[in-house]
Amino acid sequence: MRKAPVNHQKYYGLNFPVEGDSIYATFLWIVTTQVTFVCAFSFPSSIAVVCGAAYCKSSEVFEYFAEFILEIRHIVVHRDKMTKLMDMHRLLYELALETEKVLSPICFLLFCTQSLIMYTSFANYILFKFRDLHSTVVWHTFSALILTPACLIGVILCASKISGQIRLIHTNLQLLYYALVKESKVDKKILLLVRTMLRIEFPEMTAGNITGLRRKLILSVAGALFTYGLLLVSVIH
């Protein structure tokens with residue numbers, strides 16, 4: 001860092017007036033870079049891993065329920081068994097509701113901060129590139145453009161599993177309803193329970209109730225970053 005250009009020294013030295021060869025300047029640069037990396041990359045990455053793990057664990061429960069519905073189609077269904085299925089469906093709804101309630105604001109903050117870090121790092125790289133490129137800026141930008149999208153994509157993919165399993169549950173319930181209707185001696189109470197489960201809409205996994213965590217969001221983030229980069233290049237030139 002001592003051999004870095006002056007603008008890089010000011011950037012990582014928080015614009016403090018320090019000499020480039022002093023011990024205080026070196027210590028300040030080391031602390032600043034470490035704190036910046038932890039706050040910008042390490043801590044958000046840990047949060048993303050926790051959120052992704054929570055989404056995956058929840059999706060496993062939904063997957064088990066979807067498979068359980070398929071097994072019911074091939075056996076004789078009684079009212080008691082269908083009542084238990086209704087109770088499981090209610091518990092799944094509560095699980096989806098609590099998952100969305102807890103993780104939605106966290107994902108919203110994660111997306112805002114990580115997107116801001118990604119865009120600012122990309123802008124710094126483009127601005128410094130046309131002046132004096134240094135390895136510090138290269139590594140900082142490389143981390144931002146690799147770790148940040150990886151965290152966002154990982155959370156989106158894990159959350160989209162729940163949405164996929166919810167659609168599969170609805171499909172399996174619809175097939176179960178068709179199979180029950182074909183039977184001549186079917187309990188009307190069972191049909192009523194199945195229709196009730198079909199009418200229930202599970203909450204969608206979102207980021208702050210603003211955007212749904214679906215796979216198409218990955219293309220939106222990539223397109224926004226590409227457009228932002230072209231805009232910066234056109235402004236500089």
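A salt bridge is taken here as a side-chain nitrogen of Lys or Arg within 4 Å of a carboxyl oxygen of Asp or Glu. The model is predicted, so local features need pLDDT of at least 70 and side-chain atom pairs count only at pLDDT 80 or more, whereas totals for chains, interfaces and linings use all residues. Residues are numbered from 1 along each chain as its sequence is written, and side-chain values use heavy atoms, with hydrogens and water left out.

The structure holds two salt bridges. One joins R90 to E94, with the closest N and O atoms 3.1 Å apart. These residues are four apart in helix α3, and therefore separated by about one helical turn. Helices (H or I, at least four residues) and strands (E, at least two) are DSSP runs, numbered from the N terminus. An α-helix has 3.6 residues a turn, so residues three or four places apart point the same way. R90 is partly exposed, at 43% relative accessibility. E94 is also partly exposed, with a relative accessible area of 39%. Relative accessible area under 20% is called buried, over 50% exposed, and in between partly exposed (1.4 Å probe, protein chains only).

The side chains of R214 and E204 form a salt bridge at 2.7 Å, N to O. This pair links distant parts of the chain, 10 residues apart. R214 lies in the loop between β2 (211–212) and α6, and E204 in the loop between α5 and β1 (206–207). R214 counts as partly exposed, at 39% relative accessibility. E204 is partly exposed as well, with a relative accessible area of 32%.

Helix α3 spans residues 79–129. R79 lies in this helix and is partly exposed, with a relative accessible area of 42%. R79 touches D187, K189 and I190, residues up to four places away in sequence not being counted. Contact means heavy atoms within 4.5 Å. R79 and D187 are 108 residues apart in sequence, yet their C-alpha atoms are 7.5 Å apart. T99 is also placed in α3. T99 is buried, at 9% relative accessibility. Neighbours within four places aside, T99 is in contact with Y55, S58, S104, I162 and M205.

Together with L109 and I210, F108 makes a nonpolar surface patch of about 300 Å². Patches are made of residues with over 30% relative accessible area and no salt bridge; like charges are joined within 9 Å, and nonpolar side chains (Val, Leu, Ile, Met, Phe, Trp, Tyr) within 5 Å. Accessible areas come from the Shrake-Rupley method with a 1.4 Å probe; for residues, only the protein chains shown count as cover.

Helix α5 (residues 188–199) has 12 residues, which should span 16 Å at 1.5 Å a residue. The expected span is 1.5 Å times one less than the number of residues. The end C-alpha atoms of α5 are 17 Å apart, which agrees. In α5, I190, L191, L193, V194, M197 and L198 are buried. They cover an arc of only 160° around the axis, so they lie on the same side of α5. The arc is that of the directions from the helix axis to the C-beta atoms. The face turned away from this buried side carries the exposed residues K188 and R199.

L217 is placed in helix α6 (residues 216–236). L217 is buried, with a relative accessible area of 12%. Beyond neighbours within four places in sequence, L217 is in contact with F111, I156, T211 and G212. L217 and I156 are 61 residues apart along the chain, with C-alpha atoms separated by 7.7 Å.
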